[in-house]
Amino acid sequence: MTDPVKHAAVPGTEGDMATRDWLDIRAGTVVDAHPVRETPQHTFRLTIDFGPHIGIRSSVVQVNHRYVPARLVGRQICAVINVPPRQVGSLRSEVLTLGMPDSNGEAVLIRPDGRVPDGGKLF
């Protein structure tokens, strides 16, 4: 099976690529989460299941006291899956988990409003 994930390119640099096709944002379910010891406090390594066509990917996220690793397991999140992998300490982050700041500037993870199939694409 070939990898359906292609690395992102800047819009407008590859012919007629539309901006909406630039980022591939998918829903996935966190299947494992644990703190990363060699990074700042509240940094977690998430293992995320994006369904059978994309598979399992890892993400390193810096969040806040709102999140506890055990309570993230089973929760769906949204992530950009077509970014190049990034090395965070000794770990490899394969996707960019999405979040937004709350009124205090602390991270709130983006997730679907209801349960959707893993690998579901934002449109």
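# Close-up views of a predicted model

**Figure 1. The side chains of arginine 26 and aspartate 24 form a salt bridge, with N and O 2.6 Å apart.** A salt bridge here is a side-chain nitrogen of Lys or Arg within 4 Å of a carboxyl oxygen of Asp or Glu. Residues are numbered from 1 along each chain as its sequence is written, and side-chain values use heavy atoms, with hydrogens and water left out. Arginine 26 and aspartate 24 are both buried; buried stands for under 20% relative accessible area, exposed for over 50%, and partly exposed for what lies in between (1.4 Å probe, protein chains only).

**Figure 2. Aspartate 24 also forms a salt bridge with the side chain of lysine 121, at 4.0 Å from N to O.** Lysine 121 sits in the segment after β9 (107–109) and aspartate 24 in the segment before β1, so the pair ties together parts 97 residues apart in sequence. The numbering of elements counts from the N terminus, with helices (H or I, at least four residues) and strands (E, at least two) taken as DSSP runs. Aspartate 24 counts as buried because its relative accessibility is 10%. Lysine 121 has 44% and therefore counts as partly exposed. Together, Asp24, Arg26 and Lys121 are linked in a network of salt bridges. As a general point, side chains of opposite charge can pair when their charged atoms come close.

**Figure 3. Aspartate 102 and arginine 66 form a salt bridge, their closest N and O atoms being 2.4 Å apart.** This pair links distant parts of the chain: aspartate 102 is in the loop between β8 (99–101) and β9, and arginine 66 is in the loop between β3 and α1 (69–72), 36 residues apart. Aspartate 102 is partly exposed, with a relative accessible area of 23%. Arginine 66 counts as partly exposed as well, at 40% relative accessibility. The whole structure holds three salt bridges.

**Figure 4. Five strands form an open sheet in the order β3-β2-β1-β4-β7, with antiparallel pairing.** Two strands pair if DSSP finds at least two bridges between them. The edge strands β3 and β7 (96–97) each pair on one side only. Strand β1 (residues 25–35) runs antiparallel to β2 and is joined to it by six bridges. Along this pairing, proline 35 has phenylalanine 44 of β2 as its bridge partner, and alanine 33 stands opposite leucine 46 in β2.

**Figure 5. Strand β2 (residues 43–49) is mostly covered, with five of its seven residues buried.** Seven bridges pair β2 with β3 (residues 56–62) in the antiparallel sense. Threonine 43 has glutamine 62 in β3 as its bridge partner. Six residues lie between the strands of the β2 and β3 hairpin, where glycine 51 takes a positive phi near 90°.

**Figure 6. The largest nonpolar core has 16 residues.** A nonpolar core is a set of buried Ala, Val, Leu, Ile, Met, Phe, Trp, Tyr and Cys residues joined through side-chain atoms within 4.5 Å. Val30, Phe44, Leu46, Ile48, Phe50, Leu72 and Ile77 have the most contacts inside this core. The elements that give two or more residues to the core are β1, β2 and β4 (76–80). Strand β2 gives the most, with three residues. Leaving aside neighbours within four places in sequence, leucine 72 is in contact (heavy atoms within 4.5 Å) with Val30, Ala33, Phe44, Leu46, Tyr67 and Leu109. In soluble globular proteins, nonpolar side chains tend to be buried together.

Figure 7. From the N terminus, the elements run β-β-β-α-β-β-β-β-β-β. Of the 123 residues, 37% are buried. Among contacts with a separation of 6 or more, 59% are between residues 24 or more positions apart. The average pLDDT is 86, and 82% of the residues score at least 70. Among the elements, β4 has the highest mean pLDDT (98) and strand β5 (residues 86–88) the lowest (89). Where pLDDT is low, the predicted coordinates should not be read in detail.

Conventions:
Predicted model: local features only at pLDDT ≥ 70, side-chain atom pairs only at ≥ 80, totals over all residues. pLDDT = per-residue confidence, 0-100.
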